[in-house]
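Please look over the sequence and the model below before reading on.

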Protein chains: 2
Amino acid sequence: MSQTMGRVWSPVITPFTAELAPDGERFVAQCRWLLDNDVGLAVFGTNSEANSLSVEEKIGLLDFLIENGIPAERLMPGTGACALPDTVAQTRHAVAKGVEGVLMLPPFYYKGVSDEGLFRYFSEVIERVGDDRLRIYLYHIPPVSQVPLSLALIERLLKAYPNNVVGVKDSSGDWSNTLAMIDSFSADGFQVYAGSEHFLLQTLRAGGAGCISATANVNPGPIAALAKTWHAANADDQQAELTGTRKLFERFPMIPALKAATARYSDVEQWSRLRPPLVELNEQQRDELFALLDDASFDMPGLKQS
Amino acid sequence: MSQTMGRVWSPVITPFTAELAPDGERFVAQCRWLLDNDVGLAVFGTNSEANSLSVEEKIGLLDFLIENGIPAERLMPGTGACALPDTVAQTRHAVAKGVEGVLMLPPFYYKGVSDEGLFRYFSEVIERVGDDRLRIYLYHIPPVSQVPLSLALIERLLKAYPNNVVGVKDSSGDWSNTLAMIDSFSADGFQVYAGSEHFLLQTLRAGGAGCISATANVNPGPIAALAKTWHAANADDQQAELTGTRKLFERFPMIPALKAATARYSDVEQWSRLRPPLVELNEQQRDELFALLDDASFDMPGLKQS
């Protein structure tokens, strides 16, 4: 892949059975469709309801994906948990499976923790996994985790573990922060991903790596296309299109909206199910979303799975 | 126990070895000392660093306590996790062991979740555990969890599961909220615990059950004494003493301060260790805390464990 080409990852939504168990077969099919649309698989992200899954469920699902032919090098599973042993177990397993890297939340129960505490935490994970193949993408998502990752912390981690700490996903929604990350660390190959395709073109122009975005679950092809052709004359027009679609989804609770659209365009009603504490769109929200999508001639081509 | 007697629980701090593993023997000794001081054992609470422990570690520690003679009916383990299966597994195990009840956090990764989503979550837990002996104390601690439990949610849960939802711990620090919980639900036997002994006398006078408090780890005897004698003439004086001691600890990060004091008065330096992302007090903080405790003639009588 050329250095000047951007990369896009989807935090893959997780399908549940009527008993609220993860549905492995359906998950594999979704991952295949996303790969066909040229986006990588950031499974077990926020939009995957990953923190509503147990460690065992996530390890089982990752194994199932790989056993069913999903290439490990196209996977970037989320492995960060509150408890050190959980993060170590999931990370060690993912690395042993040969994944491209892991997307790692900070421990997110305690608030107002110090950079020193977070540094010790990530250090312990890296030392305990103890594998040269470990590639960590740090996951900065203060609106949800409420535990931000400071530039000073990233700098310290990069200095201590330059081969293991290889990038970051910035889901702060604050472009000045994304830019500061790029300006501070990207020159040496550190990969800064925007947390939304809203910032994709800006990120790539500034020297960032691409995006890892919720809406890459529903609009993967066009987002991946911009990442590849961002030097093209029509890049700004492409970006405007992507942002327009994104904004439709942002009118609703994001994860239920992604699942409602996936249910609709796949013709698989099961997709609309979420694990508590998240809930599906109500009827009115769903009708409103679908009307907006129809108005925009939105589609998810090739998704039909039934 | 007389209805007019208050109850006090300690969210027992968790000892770690040099390898950051929980130290079962040390944990048992601490629990015995707390029981000798008449406080119950709310193990695996916020102050226990419970969310820094894996499900397996917590299940193992609970088994170890009971195997070593800690009475199950004096235990109120925290069992609430982000993922439904983790909460169900820990709750089912604790109930099977015959604990007095479980203290249950809401799932705390996603923020801004609906009462409907939280209701479904707790309902699923109750239905899946499916045991008449299940007694849930809801855990309202918005400053840390960032996921509050509304009065409307509690009312709905109480109506649906009157035998399983038996109380709440209010760690909001907002007395008007604690009072509203008492006024709304206590007449029917619902037990409202304040999250700090700062509110102990107020809580008992208003009709609440007592307190579950961080500083019951270091000052258990006097707190338990007030809970028993709150009708006495000197109750306000006792409360003022308790509050004074509490305020000394509140000048520092609470969990490291509890552990530093426990290390000092037990003569077991190991107690000062925390699991990342939490860190111990620095030298200056520790010296300052110890000087304040000396000035106040503070002690933890009978704690020496070495």
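Predicted model: local features only at pLDDT ≥ 70, side-chain atom pairs only at ≥ 80, totals over all residues.

When the whole structure is searched, 6 cavities of 30 Å³ or more are found, and the largest cavity holds about 240 Å³ of space. A total of 23 residues line this largest cavity, and those closest to its centre are Ala81(A), Cys82(A) and Asp86(A), together with Ala81(B) and Asp86(B).

Helices of both chains contribute to this lining: helix H2 (55-67) and helix H3 (84-96) of chain A, and likewise helix H2 (55-67) and helix H3 (84-96) of chain B, each provide at least two of the lining residues. Sorted by class, the lining of the largest cavity comprises 13 nonpolar, 6 polar and 4 charged residues.

## Packing of H3(B) with H4(B)

In chain B, H3(B) also packs with helix H4 (residues 115-129), the axes lying 9 Å apart and meeting at an angle of about 45°. Because of that angle, H3(B) counts as oblique to H4(B), and the crossing of these two helices is right-handed.

On the side of H3(B), the contact is made by Leu84(B), Thr87(B), Val88(B), Thr91(B), Arg92(B) and Val95(B), while H4(B) brings Tyr121(B), Glu124(B), Val125(B), Arg128(B) and Val129(B). Taken by class, the residues of this contact between H3(B) and H4(B) divide into 6 nonpolar, 2 polar and 3 charged.

Technical notes: Residues numbered from 1 in each chain as written. Chains lettered and ligands numbered in written order. Heavy atoms only, no water. 1 Å grid on protein atoms, 1.4 Å probe; cavity = no way out; pocket = protein on both sides within 12 Å on 5 of 7 lines; lining within 4 Å. Points joined across faces, edges and corners; volume = space filled by probe spheres on them. Helix = DSSP H or I, 4+ residues; strand = E, 2+ residues; numbered from the N terminus. Nonpolar A, V, L, I, M, F, W, Y, C, P; charged D, E, K, R; others polar. Axes fitted to C-alpha atoms, helices over the stretch in contact; angles between N-to-C directions. Parallel < 35°, antiparallel > 145°, perpendicular 65-115°, else oblique. Left-handed = near helix turned anticlockwise from the far one by under 90°. Contact = heavy atoms within 4.5 Å.
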